[in-house]
Amino acid sequence: MVLVVSTDQDHSTNDVIKWLLRLNVPFVRINDDKSIRDIEILSQNNNSEIVLTIDDKRINLNDVNSFWHRKSDISLFSEFKVELGSLNRAYESPDLHNYLNREIDSLKEYIMHVLRQKNYLGNALVGDANKLTSFHVAASVGFLIPNTYVCNNTSKIKQKFNEGAKQIGKPVNDSFVSRNSQTAIQSKYSIIESKFFTNKSRDIFPSCIQQYIDKKFELRVFYLRGRIYSMAIFSQKDEQTKVDYRNYNDERPNRMVPYNLPVEIEKKVEAFMKKMELQTGSLDLILTKGNEYYFLEVNPFGQYGMVSVGCNINLDKEIVNELLNQDFK
């Protein structure tokens, strides 16, 4: 059986599930809107067992052969309420709630430990991959990275960059996204010129300012257990996508074509992913006008649909093949 942890609106998960259905592979999918209501853990010398109950469905982890941690996290007892009865109100302090949360975290940690012993694909322990950590690791394996400065003091920011220089404002973690039934808001990368800070005297929230590099084109690289699939994105000639192709131009989409990375860059990708302890993920690189490759970021969740379409590779099927490959334990 294959266990999949994801979100209910992830299209890539849906496409992989379609392949599992087509191949008659038994699976259980746990979305972020579902919480485990009951848990049984048996540990003894000759037998260990974890049984989870979600929506009245019992899942024995001994029946799970492969685990794909696509997105989100397993939720435990999210609707659980503690009734203190006649106990002293002191027990209602934040200390008690922190204690209970630590107990739940310990249970989740053990469940993830057991699942990671399976044929495991994903990023259960890495999370979103902090950009600053990614830069540090990328530089350590030989990648070029843009000069990056994080600071909350505007006077120091002004001193750091030359007048007229161009920088890009970026989040340290991930872009801001907010959705409701009517609207969707998402932050975008934009050029910030040094004059923006000229008349600013007050400190600001810690902000990530990154060197702007003119590029020949952008690269989306999908990594899957040692295999590398690369695509060039010609975003530079469109003012809307020039800074970042994710400022999509739906009326006139960027041209996207398969691309062969140089062997030395592929070796750096491999070394980077191993150091980050990621078996899969999507990397963003750029090729400069001087033919230098710069690392920008990695997405452990690996949005790979555009590479699959643009390069005519069925990456959903490749992921299914990995989940059914029992040589990986």
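Three strands form an open sheet in the order S4-S5-S6, with antiparallel pairing; strands (E, at least two residues) and helices (H or I, at least four) are DSSP runs numbered from the N terminus, and two strands pair if DSSP finds at least two bridges between them. Strand S4 (38–44) and strand S6 (57–60) stand at the edges with a single partner strand each, so one side of each has no neighbour in the sheet. The twist averages 15 degrees from one strand to the next. This is a predicted model, in which local features need pLDDT of at least 70 and side-chain atom pairs pLDDT 80 or more, while totals for chains, interfaces and linings use all residues. Residues are numbered from 1 along each chain as its sequence is written, and side-chain values use heavy atoms, leaving out hydrogens and water.

A second open sheet has 5 strands in the order S18-S17-S16-S19-S20, again with antiparallel pairing, and its edge strands, S18 and S20 (293–299), each pair on one side only.

| Antiparallel pair | Bridges |
|---|---|
| S5 (residues 47–54) and S6 | 4 bridges |
| S19 (residues 280–288) and S20 | 6 bridges |

Valine 51 stands opposite asparagine 60 in S6, and isoleucine 286 has tyrosine 294 in S20 as its bridge partner.

Methionine 256 lies in strand S18 (residues 255–258) and is partly exposed, with a relative accessible area of 26% (buried means under 20%, exposed over 50%, partly exposed in between, with a 1.4 Å probe and protein chains only). Beyond its neighbours within four places in sequence, methionine 256 is in contact (heavy atoms within 4.5 Å) with residues including Met231 and Met306.

Terms used. Axes are lines fitted to C-alpha atoms, for helices over the stretch in contact, and angles run from 0 to 180 degrees between N-to-C directions.
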